[in-house]
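Please examine the protein model shown below.

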Amino acid sequence: MTDFFANMDSDYARKHFPNGVFESAMKTIRRRSVVFMFFMGLFFAGSLYGLFWSIGRTMELSAEGRDDMMGVCMVICGFFGVAALVTGLLLVILLRSTRKKRGDYIAAAAKNSRLPESEIEAFEQQAVAPDCYILRLTAGLDRLLSSGTNKDGLLTKDYIYLADASQIVMRVDQLKACCFYEYSYYVNTGKTSKKILCLAILLVASNGVSVFSDTTEQAGKALMALLKERNSGIDLNGGKVVPEGALEAYKKRVLETLISH
């Protein structure tokens, strides 16, 4: 178990959460937003250039009496206009996200977790306590490519946090399921697209919130055993993997079982 979990210590807390878990997450999201804004800015500039060029070309053809080309020119103008509008709106949204403060992320985490903000604050306090477990669920390339705001999850006295983009925090005593889940994505290999299957650990809470994170089989089994010790009512799906297309059906079954009891 020590390969996957480690107790929080002052060095780790100082390095990763010098001003709290959500302050760290905020900085990660800001860095990603800045990078994305750079590329979106290039696309926005290209769209504006294309729009002005196409408008100028349309006016030239109109002056030459080339009415047969007006329809094509209007389509091109429309394409660049829509592209510039969409990318411009995305840039505004990204710019606003970089101006968010810690309180905004606490509020967002509470909303996504369906928990009061006081619970999110309590989690953050417990996250730097010595009895908090650092969850190292991935390794190698999966860990390097993780989309989480932190490479590691956290299991405190009362809460679990997988560092997903939605910053979801769950109470351990409200967990209804912890099991393996398989999802996929496609990679373009040139002439064809290759389907990549990924193994994840899925958590479902009694309030209907769910979250999943990449994991190795060994780390996933260790986490299931640890959570089962703390909450004997957690469904482990018999250790089987929930297929991608069966996720909603599984969540519905788990939550309906809760209602029936």
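The paragraphs that follow move from the whole chain to its cores, its cavity, its aromatic rings and selected residues.

This is a predicted model, in which local features need pLDDT of at least 70 and side-chain atom pairs count only at pLDDT 80 or more, while totals for chains, interfaces and linings use all residues. Residues are numbered from 1 along each chain as its sequence is written, and side-chain values use heavy atoms, with hydrogens and water left out.

The secondary structure comprises 8 helices and 9 strands; helices (H or I, at least four residues) and strands (E, at least two) are DSSP runs, numbered from the N terminus. Of the 261 residues, 41% count as buried. Here buried means under 20% relative accessible area, exposed means over 50%, and partly exposed lies in between, with a 1.4 Å probe and protein chains only. The accessible surface of the protein comes to about 14,700 Å², and carbon and sulfur atoms account for 60% of it; such areas come from the Shrake-Rupley method with a 1.4 Å probe, and for residues only the protein chains shown count as cover. Among contacts between residues at least 6 apart in sequence, 65% join residues at least 24 apart, a contact being heavy atoms within 4.5 Å.

The interior can be considered next. In soluble globular proteins, nonpolar side chains tend to be buried together. A nonpolar core is a set of buried Ala, Val, Leu, Ile, Met, Phe, Trp, Tyr and Cys residues joined through side-chain atoms within 4.5 Å. The largest such core has 25 residues, and Ile160, Met170, Leu203 and Leu227 are those with the most contacts inside it. At least two residues of this core are supplied by each of strand E6 (175–188), strand E7 (193–205) and helix H7 (217–230). Helix H7 gives the largest share, 6 residues. Leaving aside neighbours within four places in sequence, leucine 203 is in contact with Ile160, Leu162, Met170, Leu175, Ala177, Cys178, Val209, Ser210, Val211 and Leu227. A second, separate core of 20 residues includes Val21, Phe22, Phe123 and Ala127.

Where is empty space left? Rolling a probe the size of a water molecule over the atoms shows this. On a 1 Å grid over the protein atoms alone, a cavity is a set of points where a 1.4 Å probe fits but cannot get out, and lining residues have an atom within 4 Å of a point. Grid points are joined across faces, edges and corners, and a volume is the space filled by probe spheres set on the points. The structure holds 1 cavity of 30 Å³ or more, and about 30 Å³ of space lies in the largest cavity. Its lining consists of Ser113, Leu115, Val169, Met170, Arg171, Gln174, Ala205 and Asn207. Strand E5 (residues 169–171) contributes the largest share of that lining, 3 residues.

The loop between strand E4 (159–161) and E5 contains alanine 163, and glutamine 167 lies in the loop between E4 and E5 as well. Most residues other than glycine have a negative phi. Phi of alanine 163, however, is near 60°, a positive value, and phi of glutamine 167 is likewise positive, near 60°. Alanine 163 is buried, with a relative accessible area of 0%, and glutamine 167 is buried at 3%.

Alanine 108 is partly exposed, with a relative accessible area of 30%.

The aromatic rings complete the tour. Rings of Phe, Tyr and Trp (its six-membered ring) pair if their centres lie within 6.5 Å; planes under 30 degrees apart count as stacked, over 60 as edge-to-face and the rest as tilted. The structure holds 8 aromatic pairs. In one of them, the ring centres of phenylalanine 4 and phenylalanine 5 are 6.5 Å apart and the planes stand at 70°, so the pair is edge-to-face. Phenylalanine 79 and phenylalanine 80 also form an edge-to-face pair, because their planes are at 70°, with centres 5.3 Å apart. Phenylalanine 5 is buried, at 4% relative accessible area, whereas phenylalanine 79 is exposed at 54% and phenylalanine 80 is partly exposed at 22%. Phe4, Phe5 and Tyr133 form one aromatic cluster.

Methods
1 Å grid on protein atoms, 1.4 Å probe; cavity = no way out; pocket = protein on both sides within 12 Å on 5 of 7 lines; lining within 4 Å.
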